[in-house]
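Subject: Structure handover

Hello,

Here is the structure I promised to pass on. Please open it alongside this note, which goes through what was found.

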Amino acid sequence: TGATGALAASPSASAFFGLPSLQGLFGPAAPGGGGDHLEFREYYAAACPHCQDLAPKWHEAENAYSGPVKFRQIECADDTWQPVDENKDLCQGLQSYPTMQLFSGDNL
């Protein structure tokens, strides 16, 4: 399940990231949300320079976007590169930052 043009519903959302439109990559929006909601996650480390460079554009896209996808940032490592305990399960297996993933419910 997904949303047609989920990240392209706001014409400039994907442009914030320098990406082409994502329209057509997802099926029709799931009715009622629930376990089928869409979530665009950015996993980051507070000390990561690439993450710091991405942050303003991420927030700009999140604020400009009004479609069915929820934006979520997950801090995996703090400003001294130490793991953030409260997010260790969510960050398990990630090898680099930033990492961005689109979830439908609990499915990647």
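First, a term: pLDDT is the predictor's confidence in each residue, on a scale from 0 to 100. The protein averages a pLDDT of 78, and 68% of the residues score at least 70. This is a predicted model, so local features need pLDDT of at least 70, side-chain atom pairs count only at pLDDT 80 or more, and totals for chains, interfaces and linings use all residues. Residues are numbered from 1 along each chain as its sequence is written, and side-chain values use heavy atoms, with hydrogens and water left out.

**Nonpolar cores**

Some terms for this part. A nonpolar core is a set of buried Ala, Val, Leu, Ile, Met, Phe, Trp, Tyr and Cys residues joined through side-chain atoms within 4.5 Å. Buried means under 20% relative accessible area, exposed means over 50%, and partly exposed lies in between (1.4 Å probe, protein chains only). Helices (H or I, at least four residues) and strands (E, at least two) are DSSP runs, numbered from the N terminus.

The largest nonpolar core has 8 residues: Leu38, Phe40, Leu54, Trp58, Ala61, Tyr65, Val69 and Phe71. The largest share, 3 residues, is from α2. A second, separate core holds 5 residues, including Ile74, Cys76, Cys91 and Phe103. As background, nonpolar side chains tend to be buried together in soluble globular proteins.

**The disulfide**

How many disulfides are there? The count is 1, where a disulfide is a pair of cysteine sulfur atoms within 2.5 Å. The partners are Cys76 and Cys91, with their sulfur atoms 2.0 Å apart. Cys76 sits in strand β2 (residues 69-77) and Cys91 in helix α3 (residues 88-91), so the pair ties together parts 15 residues apart in sequence. The link of Cys76 and Cys91 is left-handed, with -80° about the S-S bond. Both cysteines are buried.

Two further cysteines are worth a look. Cys48 is buried at 2% relative accessible area. Cys51 is buried too, at 4%.

**Salt bridges**

A salt bridge is a side-chain nitrogen of Lys or Arg within 4 Å of a carboxyl oxygen of Asp or Glu. By that rule there are 4. Glu39 takes part in several of the contacts below.

- Glu39 and Arg41: the closest N and O atoms are 2.5 Å apart. Both residues are buried.
- Glu39 and Lys70: the N to O distance is 3.8 Å. Lys70 lies in strand β2 and Glu39 in strand β1, so this pair ties together parts 31 residues apart in sequence.
- Glu39 and Arg72: the closest N and O atoms are 3.3 Å apart. Arg72 is in strand β2 and Glu39 in strand β1, so the parts tied together are 33 residues apart in sequence.

Salt bridges that share partners join Glu39, Arg41, Lys70 and Arg72 into one network. Is Glu39 buried or exposed? Glu39 is buried, at 4% relative accessible area. Lys70 is partly exposed at 47%, and Arg72 is partly exposed at 28%.

Best wishes
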